[in-house]
Amino acid sequence: MKGSPLLRALAAFLCIAVLGVPLWRLTRTSAANGPPATREVAAMRAVHLALNFTSPPTSLRVRHLGRDIWVDAAPALALEKTVTIAWPREGVDLRFEVKFSADAPLSAMRVRLTGPAGEEHEQSAWGRGEIDEVLSFR
Amino acid sequence: MKLLPLFFCLLLPAAAEKIRVSSFSTVLTEIAREVGGDRVTVTGHVRPGVDPHEYEPKPADLRTVADSQLILLSAKHMEGYVGKLKQSTGTKGALIEVGDRLPSPDADPHWWQSVGNVQRAVKIVRDELTKISPADTALFAANAERYVARLDALKKWTKEKLAELPRDRRKLVTSHDAFQYFARENGFTIYAIEGVSSSDQPSSKKVADIVRAIKEAGVKTIFPESIENPKVLKEITRETGARVGPELYADGLGEGEAATYEGMYKHNVTAVVDALK
């Protein structure tokens, strides 16, 4: 390579500057946007619910994540249903809204939930006139 | 017999004199006012929005403490000046370190982030006021019962609101580690950028660890605090692509909707649920 060392150094500096600026911009933009955070979506699975009451309810509503998954305007003392909901390994919360007749005594509800792998969870709640309770199954 | 009315007149000012309470926590200030009602005068030394980790009492505060019959402290090392309060004021008032009387297994001093702990604190304050004025036992008991019932309603509301948020999204990234009680009570996993004190600064390794954890957990939103400078949070959002959510009240009550305990707690729960769901 010919030319004075000063000229060669200048040429090298120009090359670095020309290539370096877009490279710096590219890496800076990439950091600013950041890699998108990935969230594992819980799979929809079938779970079985079996309910028992000590007094006949007049209405039943079960909600999951603010959405109705089971509504019954004339429920029996014992009833069951299979529902399909997102089932993460951390568990689920279900909100039970049950109404009884005005003269009904203090009443209990027992919930038996059978998870996708056949595992069983049991919870119960009490109420006079109504039950409005969030039950957790984990 | 003529002296009898005069005797009652002399008793009257003593009977009507209010119990003087000094509080170094915005939450305890509210509790003392709720339980004590008209029978107490509560001086809240730490004002809403002031960082209790940074607060230092001024001479006027010490004079008030010296004259107080009940002094309420958050405790759990929140008030580094507690020795100074005892020594320099010479107060004869009962100095109650409320947090130290609560069942709390870890070092996090922010015990009010558990509604259950606040209910226990109400009973502690009720008992201390009753010791000072046994004649008001029934009044303090009734006031405490009413306040605890409101906190029961807050617990129910919280459970219903959180039921809107899938359990696999209950991951809370906050600026300082002030939500361990909240997390335990409500099924969250915490990723805190700083330590339990807002003055703790994160190392670059800690920030890198948090960035990795946020990416692995798929957290979409991170939360600054009402008092905290969110500079580091912004850096983390740039690295992870997560967005900055609404401010949370970690260190006590604030202003506006967060001026009451119920308002503050509802603000935090609503902010978390709406941002993460």
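In what follows, the axis of a helix is a line fitted to its C-alpha atoms over the stretch in contact, and an angle between two axes runs from 0 to 180 degrees between their N-to-C directions. With that in hand, the predicted model can be explored one piece at a time.

Two packed helices are described by the angle between their axes and the distance between the axes. Here the partners are helix α3 of chain B, covering residues 59–66, and helix α4 of chain B, covering residues 82–89. Their axes come within 9 Å and cross at roughly 65°. Because angles of 65 to 115 degrees count as roughly perpendicular, α3(B) is described as roughly perpendicular to α4(B). The crossing of these two helices is right-handed.

Which residues make the contact? On the side of α3(B) they are L62(B), V65(B) and A66(B), while α4(B) contributes L85(B), S88(B) and T89(B). Sorted by class, the contact of α3(B) with α4(B) has four nonpolar and two polar residues, and no charged ones.

Stepping back to chain B as a whole, its secondary structure comprises ten helices and eight strands. The chain has 277 residues, and 44% of them are buried. Among the contacts in chain B with a separation of 6 or more, 58% are between residues 24 or more positions apart.

Attention now turns to chain A and its strands. Four of them form an open sheet, in the order β3-β2-β5-β8, with antiparallel pairing. At the edges of this sheet sit β3 (67–72) and β8 (130–137) of chain A, each of which pairs on one side only. From one strand to the next, the twist averages 20°.

One pairing in the sheet can be followed in detail. Strand β5 of chain A, made of residues 92–100, pairs with β8(A) in the antiparallel sense over eight bridges. As for individual residues, V98(A) stands opposite I131(A), which belongs to β8(A).

A last stop in chain A is G127(A), found in strand β7, residues 120–127. Is G127(A) buried, partly exposed or exposed? A residue is buried if 20 or more other C-beta atoms lie within 10 Å of its own, and exposed if 12 or fewer do. G127(A) has 18 C-beta neighbours inside 10 Å, so this glycine counts as partly exposed. Along the sequence, G127(A) is 70 residues apart from P57(A), and in space the two are 11 Å apart, C-alpha to C-alpha.

Key:
Residues numbered from 1 in each chain as written. Chains lettered and ligands numbered in written order. Predicted model: local features only at pLDDT ≥ 70, side-chain atom pairs only at ≥ 80, totals over all residues. Helix = DSSP H or I, 4+ residues; strand = E, 2+ residues; numbered from the N terminus. Parallel < 35°, antiparallel > 145°, perpendicular 65-115°, else oblique. Left-handed = near helix turned anticlockwise from the far one by under 90°. Contact = placed C-beta atoms within 7 Å. Nonpolar A, V, L, I, M, F, W, Y, C, P; charged D, E, K, R; others polar. Pairing = 2+ DSSP bridges.
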